[in-house]
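Let us read this structure one feature at a time. Keep the viewer open as we go.

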Amino acid sequence: MLTAHYLLASALLVVCFLWVSSGTTASLLGPSGSRGPPSFPNGAAFSNATAYVSLDVLGRLQPLKLADLNADEYIDVLAIEPTTGRLYVSFWNHNLYRFGSPVLLTENVTHAITADFNGDGVSDVMAFTNAGTAALLLGSHSSNFSSGASIAVNANVSTAMLFSRYGDLLPDVLVPEGNGSFLVLTNRRKAKGTFQLSQWTPALCSIEKNITAFVDMNGDCLPDLVLLCSDGNGSSRLQPNPMPPRSREGPPQGPPSATGSGPQIAVWYSPGTGDILSSTTPSKVWTPFGGSLQVEQLLFADFTGSGTISILALTSNGGLSFVSNNHGNGGYGQRCNFHGSANLLNSVAVAISSSSGASNVPLRPSAQMVLVDYNYDAFPDLYVMNGSTGVILKNTAQKNSLAFQLQTQESFSALYNVSEPVVAAAYDTDQDGRQDLLISASDGIELWLNTISQTRNFLETAVQTAVSPYDNPRPFTESIGSTSIVAFQATNGLQLYACTQCPQSGSRQFISACQCFTGLNTMLNYVQEIAIGAGSSQRSWTNLLPNSFAIIYPQDPSNPNTWRLEFYTQRNLRSVIGVIIVLASAMILLGGIILFLLWREYCQDKQARLAREAYQSFGQYS
C-alpha cells in the first residue's frame, strides 16, 4: 500500500515539474490575464509579435518614449505623427496582452518628454510645439490627461534633457539653444508642475551635437551632469579655473585637465542637495578621443562588469571607441559610498568581429546604437541600426577589455529583415523579465519578443520619484538619474553591474523606459547586494532572490531610512497549479504513510489480542 502511494506521488511530482518548466513566464507583477503571451517555434533569437500585440494599428507613427503613463506599472508608448505633429499615446493592456488604439493628446508637436512633473506619482507629458511653447499634459490613473502649465520656449525644439537640479528627484529640463547655452526649465519646488525659466551657459563649451547626459560618473550613485564639448580648433576649449568649486567628493579638486585636442567630456559632479548648475565651470574635463575623430554618438553603461559607468563612442570613421572609467568601488555594504574621483582613460578602439569569422566589421557613421542585454549575461550588447538594416553586436568583454561580435547565425535572420530602422529601444513588454526590442522602421512600429532562451535569470530595478508607496491609488513613475549597483557571485568571481536610469532621457534617439535590467545567467546562487543612489542619499539591501522586480520608493530622498523596497518574484498560473499538485502529492504520500502506520499498528494489536486470548484459553483447559 505504501509503495502504491509513493509511486503515485512521485509520478505527480515529475509531471508537475515537466509541465511547469515548459510553461511561459507571466508578468512579475501579477498573474496572466485572459490572453497571455504568444507562442513561437523554437530557434529564433527574436520573434515578430507586432500583429499579436496590435502595434500595427499605430500605422506610421514614430515612438518618442516608452513610459508608464497611467501608473499601472506597465510600459506604454508615446508616439508622434511626423508630418502633422500629432501626439498619441497607446496604453498597454496586460489583461489582453496588447496595446490599445492610439489616443490623440495634442497637435503641432515637434518633441515630447515624460516625467512626473507635478509630483503625484503619475508620469506627465511635456509637449514642445512649433509655436514655441512647452505644454504640460498631466497624467492620471484613469489614463486621461488634463492641461497643465504652458511655458514659452524656442520654436521647433527637437531635443531636451531631463535632470534634477537640486538632487530631490523632482524633474527639471535643459533645452539646448544652439548657441552654446541652455534654456533651463526649473520646476518650482513649492508649486510643482510650474516652471521658472533661466539661461545657463557652460564656460567656453560649445555643445557637440547636443550630446548631454545625467549619469553617475564618480561612483557615489548620484547623477552628474555630462556634456560633450567640441574642440573648435581651440576656440571653444575649456580652460582651467583658478578657483575650482568644492565638489561632493571631499577636498577641493585641482584645476580641470583639458590638455590635448579633440572632443572633450565635461562633468559637473552632483552636490547632493545643492544646485548642480551653481557653477558654469565643470568639476573635471577630459579629452579622451584625440583630435582626428569626431564623436557621432555616446552611450553610458557598465560595459565590462566593473561596477562603473563607462562611455562607448561611435566615431566619424564608423568605428567604436571605449573610454573606461576607473574610479573604483566601495566594498560590501558600501558600493555607493566610494568617495574617489571619476577617472576617464584615453579611448581605445573596440574590435568588431563576426560570428562567421570576419574581423574589423565597420559601422556607418550615421548608425544608431541601442543597449540590450539580449542573452542575460550582465554585459550590455548592442542593437545597431546600420543603414537599411539593424544588427546585433554581442558584448564579448573580458577582464576590462571590450569587444563586440556581429551575430550572423540563422536565428537572427528574421530580426535582420526589418527594413530601414530609425529608432529602437530594449524594454520588458509585460514586466516578465525579458529584453524585447521595439523598433520604428519603414513599415511602422514593430515589437520583437526575445525568444532566444526559455531559461533566463535576471533582476529588474525601478527607483521611483519621491512619493509614498502607501498612496491610493498607487503611484508609479521612475526617477531620472537614479543609479543601482548589483553585486553577485558569478562563474568568474564577484560580478558588479552599475546602471543609471535614463541617463540621456529626452533625446530623440533614446526612448527606452527608465528601468535597469541585469542579466544573471552567469550567477551561481543569489544576488549578494543591490545598492541604490537616489536624490542625495544612498542605501543598500543584501541577499536577494533572482528573477525578481525590485521597486524602490525613496519617499524622502535625503533620508534613506524612509526608503521602501518592494520585491516581486517570478510566478505564473502553471506555477500556482504546480504548487497545488505538489502539495496534493505530498498529502497523498503523507496520508499513505499514516494509513500504513495505522494498519501496521492494527495488525500488531490484533496479533497481541489473539495471543492473549490463546494464552487465557490454554490456562483454562490445562
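**Reading cavities, cores and backbone angles**

The largest cavity has a volume of about 610 Å³. The model is predicted.

Q: How many cavities of 30 Å³ or more does the structure hold?
A: It holds 5.

Q: Which residues lie nearest the centre of the largest cavity?
A: Look for Leu371, Ala426, Ser512, Ala513 and Gln515.

Q: What is the make-up of the lining of the largest cavity by class?
A: Count 25 nonpolar, 11 polar and 5 charged residues.

Q: What volume does the second largest cavity have?
A: About 90 Å³. Its lining includes Lys65, Asp68, Thr114, Glu478 and Cys514. Strands E2 (62-67) and E8 (109-115) each give at least two lining residues. E2 has the largest share, with 3 residues. By class, this lining has 5 nonpolar, 3 polar and 3 charged residues.

Q: Now the cores. Which residues have the most contacts inside the largest nonpolar core?
A: Start from Leu312, Leu320, Tyr383, Ile392 and Leu437. The core has 41 residues. Strand E25 (residues 381-385) gives the largest share, 4 residues.

Q: What does Leu312 touch, leaving out residues up to four places away in sequence?
A: Its contacts include Leu299, Phe303, Leu320, Phe322, Val350, Met369, Leu382 and Phe404. Gln297 and Ser321 are also among them.

Q: Next, the backbone. What is the general idea?
A: Most residues other than glycine have a negative phi, and most peptide bonds are trans. Look for the exceptions.

Q: Is the peptide bond from Asn472 to Pro473 cis or trans?
A: It is cis, with omega near 5°. Pro473 is found in the loop between strands E31 (458-463) and E32 (483-490).

Q: What is the phi of Lys209?
A: Near 55°, a positive value in a residue other than glycine. Lys209 lies in strand E16 (residues 207-215).

Q: Where does Gln431 lie?
A: In the loop between E28 and strand E29 (436-441). Phi of Gln431 is near 55°, also positive.

Q: Is Gln431 buried or exposed?
A: Gln431 is buried, with a relative accessible area of 0%. Lys209 is partly exposed, at 45%.

Key. Residues numbered from 1 in each chain as written. Predicted model: local features only at pLDDT ≥ 70, side-chain atom pairs only at ≥ 80, totals over all residues. Heavy atoms only, no water. Core = buried A, V, L, I, M, F, W, Y, C linked by side-chain atoms within 4.5 Å. Buried < 20%, exposed > 50% of the residue type's maximum accessible area, 1.4 Å probe, protein only. Contact = heavy atoms within 4.5 Å. 1 Å grid on protein atoms, 1.4 Å probe; cavity = no way out; pocket = protein on both sides within 12 Å on 5 of 7 lines; lining within 4 Å. Points joined across faces, edges and corners; volume = space filled by probe spheres on them. Nonpolar A, V, L, I, M, F, W, Y, C, P; charged D, E, K, R; others polar.
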